Amino acid sequence: MKYGTTFSFCWSGGSKLLLYHYSHVEVKFIKCFFKMSSFSRSAQQWATFARSWFLIDARMQPPGKIASMCSVRLQGKHKPIYHPLSDIGDHVVVMNTRHIAFSGNKWEQKVYSSHTGYPGSFKQLTAAQMHKKDPTAIIKLAVYGMLPKNLTRRTMMQRLHLFPDDVLPEDILKNLTEELPQPREIPRKLSEYTQEERNAFPMLWTPA
Amino acid sequence: MTARGTPSRFLQSVLHNGVGRYVCQLKRISLIFSKKGQGSLGVRDFIEEGVVDFAKNNSGTVVYISPQSCRIPKIVAEYLNGNVKEETVTNKTSQEIAELITKLSNQSGLDIIRIRKPFHTDSPSIQGQWHPFTNRPLSIDPVGPQAK
């Protein structure tokens with residue numbers, strides 16, 4: 001059993017909600033959703049406040065769109081029971097972050113700046129240099145900037161799991177419940193079209 | 001004291017009283033007074049005028065009249081859930097005592113402490129409470145890179 005229970009008291013709209021958090025939803029539990037009316041009060045509470053794990057494949061995707069999908073789910077805004085104080089966000093696993101695709105010339109033009117506070121320590125890195133140094137940094141910074149700027153942001157970032165390739169550790173693989181669809185439709189290369197499709201493509205004129 | 005330091009309870013009714021028949025929750029009411037003291041004047045007047053009508057109207061409640069040599073007259077109300085409420089009625093008029101007794105008979109025996117919510121329902125959800133898979137199709141196949 002992979003449950004980790006944490007109890008937290010949160011004030012929501014003047015009334016107390018006792019939240020039971022569980023690290024993932026087991027398949028056995030999923031199967032008994034078909035008989036929801038027979039749940040006891042505590043089991044119903046467990047069901048409503050369960051924390052799910054989502055998977056996103058970032059191959060050939062713009063990192064900003066990936067980051068906005070992540071931030072929505074990390075805050076819990078995809079749930080009708082959302083409240084900013086309720087700590088109701090889910091876990092998000094992003095794989096293939098090494099293969100993200102910026103549009104335009106952002107690889108050379110987008111600059112990530114940092115300053116440690118000491119004189120002479122102002123560093124500016126282009127997106128390409130940053131990505132070479134750390135393939136998960138671009139998406140991490142994008143998500144960090146999209147989350148609400150309060151103390152819950154750090155907890156939400158701890159629930160974001162980034163992997164540069166599609167090799168995921170086993171315990172995370174066991175927790176995943178759903179893979180989200182990719183935001184950008186990947187265009188096909190010419191080599192991926194069949195000869196019939198290439199022939200069927202309309203031609204204005206043939207070079208004689 | 002603060003709300004956290006004092007006891008509190010949720011709104012409830014005793015066994016859904018009133019949905020079917022209404023059962024008066026006041027089991028026993030005892031009037032303790034003295035025959036000669038001046039603090040019990042109001043109680044004695046009430047016993048002359050109003051107590052018999054009260055007992056007739058509330059047939060489910062037993063009324064005890066106990067004259068004792070006591071300095072302070074009391075009304076002791078006992079309820080069906082076992083709670084006992086004592087009120088001192090020194091130097092009260094007969095009218096005030098009558099109002100007090102009707103108030104006691106209208107109460108259920110539940111504690112008079114802070115009520116956390118002014119509402120309660122046994123059916124909090126009609127269409128079914130939301131859970132993460134309400135509008136989300138389940139996937140029994142494993143999710144992950146090896147699934148591709």
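Predicted model: local features only at pLDDT ≥ 70, side-chain atom pairs only at ≥ 80, totals over all residues.
Residues are numbered from 1 along each chain as its sequence is written, chains are lettered from A and ligands numbered from 1 in the order in which they are written, and side-chain values use heavy atoms, leaving out hydrogens and water.

**The sheet of chain B**

- Four strands of chain B make an open sheet in the order 3-2-4-5, with mixed pairing; two strands pair if DSSP finds at least two bridges between them.
- Strand 3 (62–67) and strand 5 (84–88) of chain B are the edge strands with a single partner each, so one side of each has no neighbour in the sheet.
- On average, neighbouring strands here are turned by 15° against each other, direction ignored.
- Strand 2 (residues 26–33) and strand 4 (residues 74–79) of chain B run antiparallel and are joined by six bridges; for B:Ser30, the bridge partner in strand 4 is B:Val76.
- Helix 1 (residues 41–49) of chain B packs on the sheet, touching strand 2 and strand 3, and its direction makes about 125° with that of strand 2.
- Helix 3 (residues 94–106) of chain B also packs on the sheet, touching strand 2, strand 4 and strand 5, and its direction makes about 15° with that of strand 4.
- For those angles, axes are lines fitted to C-alpha atoms (for helices, over the stretch in contact), and angles run from 0 to 180 degrees between N-to-C directions.

**Chain A at a glance**

- Chain A has nine helices and eight strands.
- Of its 208 residues, 38% count as buried; buried means under 20% relative accessible area, exposed over 50%, and partly exposed in between (1.4 Å probe, protein chains only).
- Take the contacts in chain A between residues at least 6 apart in sequence, and 62% of them join residues at least 24 apart; contact means heavy atoms within 4.5 Å.

**Strands of chain A**

- Strand 3 and strand 4 of chain A pair in the parallel sense over five bridges, and A:Trp53 has A:His91 in strand 4 as its bridge partner.
- Strand 5 (residues 111–115) and strand 6 (residues 122–126) of chain A pair in the antiparallel sense, again over five bridges, with A:Val111 opposite A:Thr126 in strand 6.
- Six residues lie between the strands of that hairpin, where A:Gly117 takes a positive phi near 105°.

**Nonpolar cores**

- The largest nonpolar core has 25 residues, and those with the most contacts inside it are A:Cys70, A:Val94, A:Ile139, A:Val143 and A:Leu160. (Such a core is a set of buried Ala, Val, Leu, Ile, Met, Phe, Trp, Tyr and Cys residues joined through side-chain atoms within 4.5 Å.)
- Helix 3 of chain A gives the largest share of this core, five residues.
- Neighbours within four places in sequence aside, A:Val143 contacts A:Ala67, A:Cys70, A:Leu74, A:Met157 and A:Leu160.
- Another core lies apart from it, with 16 residues, among them B:Leu26, B:Tyr79, B:Val89 and B:Ile97.

**Residues worth a look**

- A:Ile81 is in the loop between helix 3 and strand 4 of chain A, and is partly exposed, with a relative accessible area of 25%.
- Not counting residues up to four places away in sequence, A:Ile81 touches A:Thr48, A:Phe49, A:Ile88 and B:Trp130.
- A:Asn96 has a positive phi of about 60° although it is not a glycine, and is buried at 3% relative accessible area.
- B:Leu15, with a positive phi near 55° and also not a glycine, is exposed at 78% relative accessible area.

Technical notes: Helix = DSSP H or I, 4+ residues; strand = E, 2+ residues; numbered from the N terminus.
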